[in-house]
Amino acid sequence: MNRKVNGLHEKLHDLYEEVAKRNAGETEFHQSVYEVLNSLGPVVEKHPEYVDSEVIRRLCEPERQIIFRVPWVDDRGTVQINRGFRVEFNSALGPFKGGLRFHPSVYLGIVKFLGFEQIFKNSLTGMPIGGGKGGADFDPKGRSDSEIMRFCQSFMTELYRHLGEYTDVPAGDAGVGTREIGYLFGQYKRITNRYESGTLTGKGLTWGGSQVRTEATGYGTVFFVNEILKANNDTFEGKRAVVSGSGNVAIYAIEKIQELGGTVVACSDSSGYVVDEKGIDLDVLKEIKEVRRGRIADYVEMRGGTAEFVADRNVWDVPCEIAIPCATQNEINGDEALALIENGCRVVAEGANMPCSPTALKHFANAGVTFAPGKAANAGGVATSALEMQQNASRDSWTFVETEQRLEQIMRRIHNRCLVTAEEYGQPGNYVAGANIAGFIRVADAMLALGLV
C-alpha cells in the first residue's frame, strides 16, 4: 500500500528530509526534488529495488559541484568579480549536458534545481546524454560586447578544464545566446589548441552550429502541446494563446503556434506585457528583441493599432485557452493559476524550467487543466543540442527541414512515452507522473546496470 507522509511515499519521505537538510536554503532544488519524488510512490511499490539499492538517494546528489571565481575588467577599467558554477549531476546515460545561465539570481540552489531537472529531461529524449547545468551571477543587460567577451573568456579560463565532448557539454540558457557561446568556444579553442566542436552546443551556423537550435525549445514546446491536442481530437486552429517572456523560447513558441493556426494575443518581459487582439506581430517582436535588444513596451509604438502595453502587471490576467510560460521559475503562483482557470485556460505547457509553483499545479489538477511539465514539454532545446553533437561528430550538416522533422519526431516520442508510462502506473493522462517516472526509470536502470550505486 502506498502510505504517505507529508504527501510523499513513506519510503521517500526521509530521503527528501535528508536532501532538504543537506542542501539548506536551496529552495528551488528542494522544490524540484519533491516534485519528482512525489511521482515515484507507485514505482517504489512496484520496484522496491530502487529504494533498497539507494539509487534514488544517489540520484539526488550531484556527481560533482564546481564553484569558481570569475574576475574580469569592465569598460571603465574596474575589476569586477562574479561567481561561476557548474553542477555535473548525473552521467549514467552519457556526458553531462545542460545549459549555462547568466543572471544576477544565479546561485548554487538554482543551478542544482536546473541540473536535477535536466537529468530527467535528457532521459526523456531517449538520447545518450546525462544531466548538468551551470552559469554565473553575471548580468549581461547593459553590458557592452567587449565586457561580455571579457567575462566569457574569464569564465571559460576556469571551466574549460572540466569540459569535453565525452565529459561535459554546455549550451546556452537565459542570458547566454550565440554571441556568448561564440566567446566561450573561442576561449576554449585558444586554451586547448583544439577545434572540438562537440564541446559546446548552440554555436553559430557557420562554425559548427545546428539548424533549428535557436527555435528548438519554443518549437518543441508547441509540438508537445499539438500532440496533447491531437490526443483529444483537437488542433490549434482558432485557439487563443498567451505566452510569457519575449526571448528565444517565447518568440519561437509564438511563431509555431501561429503556423499551426492559433493566435497568440499577449507576451511579456520584466517590465509588463502587451496585448494585441489581432495576434502578436512576430516581425515587430523580433525587431525589438533580436535586433534592438529593447523592451516590450516598444511594441505598441511600432505596431500601432489596438495593441496595448500594461506595465508592472501579470500576463496571466489575459484570457486564453492555452498558456505557455516561457520566462522563469515560479512565475505562475496560486492566484495566477486561478485567474487562468477562471478565464478559460485548458492547457498549460512549461516552456521555461519549473515556471509553475506547487500551488499552481494543485489548482490546475483540481480544475482538470491539462498540464505539461517543462522536463517533457521544453526538452526540444536539449534534444536539438544532441542533434548538433551528432552533426559535429560526423562532420555533417543537416537542412532546417530535416532537423525540424527530427525535433518533431522526438517531441512526439516524449509525449507518447509520458502517456504510456502514466497509464502503466495507474495515472492516465497525468503528464507530470508520466514524465517523472519515465525519465527516472531510464536513468535508474542505467545506474544499476553500471554499478553506480
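This is a predicted model: local features need pLDDT of at least 70, side-chain atom pairs count only at pLDDT 80 or more; totals for chains, interfaces and linings use all residues.

Student: Sheets, then. What is the strand order in the sheet of seven strands?
Tutor: The order is E11-E10-E9-E8-E12-E13-E14. That sheet is open, with mixed pairing. Strands E11 (308–311) and E14 (370–372) stand at the edges with a single partner strand each, so one side of each has no neighbour in the sheet. Neighbouring strands are turned by 15° against each other on average, direction ignored. Strands here are DSSP runs of E with at least two residues, helices are runs of H or I with at least four, and both are numbered from the N terminus. Two strands pair if DSSP finds at least two bridges between them.

Student: How many bridges join E12 to E13?
Tutor: Two bridges join E12 (residues 322–324) to E13 (residues 347–349), and these strands run parallel. Isoleucine 322 stands opposite valine 347 in E13.

Student: What about the sheet of five strands?
Tutor: This one is also open and mixed, in the order E3-E4-E6-E5-E7. E3 and E7 (168–172) are the edge strands, each pairing on one side only. The twist averages 20° from one strand to the next. Axes for such angles are lines fitted to C-alpha atoms, for helices over the stretch in contact, and angles run from 0 to 180 degrees between N-to-C directions.

Student: Are E4 and E6 parallel or antiparallel?
Tutor: Antiparallel, over six bridges between E4 (residues 79–90) and E6 (residues 130–136). Arginine 86 stands opposite glycine 134 in E6.

Student: New topic. How many salt bridges are there?
Tutor: The structure holds 34 salt bridges. A salt bridge means a side-chain nitrogen of Lys or Arg within 4 Å of a carboxyl oxygen of Asp or Glu.

Student: What does glutamate 61 pair with?
Tutor: Arginine 22, with the closest N and O atoms 3.5 Å apart. Glutamate 61 is in the loop between H5 and E3, and arginine 22 is in helix H1 (residues 10–22), so the pair ties together parts that are 39 residues apart in sequence. Arginine 22 is exposed at 55% relative accessible area, while glutamate 61 is partly exposed at 27%. The cut-offs are under 20% for buried, over 50% for exposed and partly exposed in between, using a 1.4 Å probe and protein chains only.

Student: And arginine 179?
Tutor: Arginine 179 forms a salt bridge with aspartate 145, the closest N and O atoms being 2.6 Å apart. The pair links helix H8 (residues 178–192) to helix H7 (residues 145–159), with the two residues 34 apart.

Student: Is lysine 239 buried or exposed?
Tutor: Buried, with a relative accessible area of 13%. Lysine 239 meets aspartate 234 in a salt bridge of 2.9 Å, N to O. Aspartate 234 is partly exposed at 29%.

Student: Which residues form a network of salt bridges?
Tutor: Glu227, Lys230, Glu408 and Arg412 are linked that way.

Student: Last one. Which residues make the nonpolar surface patch of about 260 Å²?
Tutor: Val73, Val79 and Ile81. Patch residues have over 30% relative accessible area and no salt bridge; like charges are joined within 9 Å, and nonpolar side chains (Val, Leu, Ile, Met, Phe, Trp, Tyr) within 5 Å. Accessible areas come from the Shrake-Rupley method with a 1.4 Å probe, and for residues only the protein chains shown count as cover. Valine 73 lies in strand E3 (residues 64–73) and is partly exposed at 36%.

Technical notes: Residues are numbered from 1 along each chain as its sequence is written. Side-chain values use heavy atoms; hydrogens and water are left out.
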